[in-house]
Amino acid sequence: MDSILNFTNEELKIELIGKGYKKFRADQIYLEIYKRYVLSFEEMTEISKLDRKKLSDEFSFLLPNINEKLSEKETGTTKYSIKLLDDEVIETVLIFADKRRTQCLSSQVGCPLGCTFCATAGLDYKRSLSVSEYISQVLLICKDYGKRPTNLVFMGMGEPLLNLDNLIKAIQILIDPSGLDFGLRKITVSTCGLLPELENLLIAFPNIGIAVSLNSTFNDKRNHMMPINKKYSVEDIFNFLIGKKKLFKRRPTIEYVLIKDINDSTTEAGNLLRLTGKIRCKINLIPFNPFPGTKYKRATEKKISIFKNILMTGKNAVTFRESAGTDIFAACGQLARLKK
Ligand code: SAH
């Protein structure tokens with residue numbers, strides 16, 4: 001049985017008319033779910049009892065559960081642990097900053113990529129999320145918080161581009177103007193650099209925000225830190241960003257996690273300056289967020305400042321932002337069902 005959360009409004013109209021419902025039912029259901037966060041057919045009291053029964057016979061509306069909710073005192077950052085219907089657990093984070101409420105979404109249960117500096121890699125990889133699991137993450141948070149997030153980032157557990165079909169479908173639903181109505185400019189997808197999939201995502205949504213996790217400019221080092229580099233190297237990534245720049249309606253972000261004595265040298269900074277000098281982009285430096293069992297440490301303040309200053313001599317904007325949520329293991333690279 002198809003989940004009611006798998007449809008754009010247009011698709012739902014066609015589906016419902018085909019099943020003999022009145023023409024306006026799809027709009028009504030869309031309004032209930034995506035504007036009022038009514039998350040069961042029984043509660044849709046404006047719909048006749050008969051149709052509610054018919055709907056629950058013909059569509060599933062099973063939602064995962066919020067298992068646990070942890071908030072960081074200082075920033076309000078809230079990490080939700082969500083139990084999926086097969087009992088697998090993922091995490092999603094609501095971050096408050098500069099008047100924005102940004103939700104960080106997971107794409108997979110665990111992650112198969114094996115980046116050495118990321119806590120999610122230490123979990124067993126299970127599977128990618130379904131379309132309705134993507135949508136449920138957002139709806140559960142809308143309902144819990146009472147308002148929808150202002151921004152969405154696909155930067156949680158897993159690699160979104162390993163789940164491209166479901167990602168594209170979920171984004172089509174999230175941007176539906178009669179539903180949650182997110183602008184593509186409010187959505188960012190972060191990837192380790194799966195280039196063919198990235199091209200397809202950009203063809204589908206030219207205005208979407210793209211972040212590419214680079215983390216080293218040397219292939220031997222990146223091979224070790226991010227084994228996917230053996231498939232898509234540093235050169236491949238920059239050749240793509242240069243060669244396909246017409247595909248990008250917005251400047252992509254290059255993400256770089258600064259790890260002590262691993263990738264924080266002035267040589268790396270110089271290489272990064274040279275490589276990014278060929279494109280228009282934003283450079284986002286992220287302090288390494290530690291987690292139990294990791295051998296890595298965050299770069300020192302001094303090294304961070306030197307690294308940043310080298311990049312600031314270029315034409316591209318450079319940001320360095322303290323991650324919110326480190327107190328509750330909710331920051332970048334810390335999503336692994338960890339507790340303090
Ligand atoms: N798979 C996707 C999205 C998940 S990771 C990707 O690779 O982009 C989201 C971001 O967190 C990436 O930029 C990644 O480099 C960064 N990250 C991973 N582990 C981290 C850690 N321990 N501290 C800080 N950032 C980390």
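I take a polar contact to be a pair of N or O atoms within 3.5 Å. By that criterion I recorded Cys332, where a backbone N or O atom lies 3.3 Å from a nitrogen atom of the ligand. I note at the outset that this is a predicted model.

**Entry 1: the ligand**

For Ser190, a polar side-chain atom lies 2.6 Å from an oxygen atom of the ligand. For Thr191, I found a polar backbone atom 3.4 Å from an oxygen atom of the ligand. I then computed how far the ligand is covered: taken alone it exposes 530 Å², and the protein buries 96% of that. Strand E8 (187-191), strand E10 (253-258) and strand E11 (282-287) are the elements that give two or more residues to the shell around the ligand.

I next looked up the shell itself. There are 20 residues around the ligand, and Phe117, Glu159, Ser190, Ser213 and Asn289 come nearest. By class, I listed ten nonpolar, eight polar and two charged residues in this shell.

**Entry 2: the protein overall**

I listed ten helices and twelve strands in the protein. Along the principal axes, the C-alpha atoms fill a box of roughly 70 × 45 × 35 Å.

I found that 53% of the 340 residues count as buried. The accessible surface of the protein comes to about 15,200 Å², and carbon and sulfur atoms account for 52% of it. I also checked the contacts with a separation of 6 or more: residues 24 or more positions apart make up 65% of them.

**Entry 3: helix H5**

I examined helix H5 (residues 164-174) for burial. Eight of its eleven residues are buried, so I record H5 as largely enclosed by the rest of the structure. The buried residues are Leu164, Leu167, Ile168, Lys169, Ala170, Ile171, Ile173 and Leu174. I noted that Lys169 is one of these buried residues.

I then asked what covers the buried residues of H5. The cover includes helix H1 (9-18), helix H2 (25-34), helix H4 (131-145) and helix H6 (195-204), together with strand E7 (151-154) and E8.

I located Gln103 in strand E4 (residues 100-104). Is Gln103 buried or exposed? I count Gln103 as buried, because its relative accessibility is 0% and the cut-off for burial is under 20%. Leaving out residues up to four places away in sequence, I found that Gln103 touches Thr92, Val93, Leu94, Gln137, Val138, Ile141, Pro149, Asn151, Leu152 and Val153.

I placed Lys99 in the loop between strand E3 (89-97) and E4. With a relative accessible area of 88%, Lys99 is exposed. I computed a C-alpha separation of 32 Å between Lys99 and Leu194, which are 95 residues apart along the chain.

**Entry 4: Thr326**

I located Thr326 in the segment after strand E12 (317-320). Its relative accessibility is 26%, so Thr326 counts as partly exposed. From Thr326 to Arg127 I computed 26 Å, C-alpha to C-alpha, across 199 residues in sequence.

Methods: Residues numbered from 1 in each chain as written. Predicted model: local features only at pLDDT ≥ 70, side-chain atom pairs only at ≥ 80, totals over all residues. Heavy atoms only, no water. Near = heavy atom within 4 Å. Polar contact = N/O pair within 3.5 Å; in protein donor to acceptor, adjacent residues only side chain to side chain. Areas by Shrake-Rupley, 256 points an atom, 1.4 Å probe, with all protein chains shown as cover. Helix = DSSP H or I, 4+ residues; strand = E, 2+ residues; numbered from the N terminus. Nonpolar A, V, L, I, M, F, W, Y, C, P; charged D, E, K, R; others polar. Buried < 20%, exposed > 50% of the residue type's maximum accessible area, 1.4 Å probe, protein only. Contact = heavy atoms within 4.5 Å.
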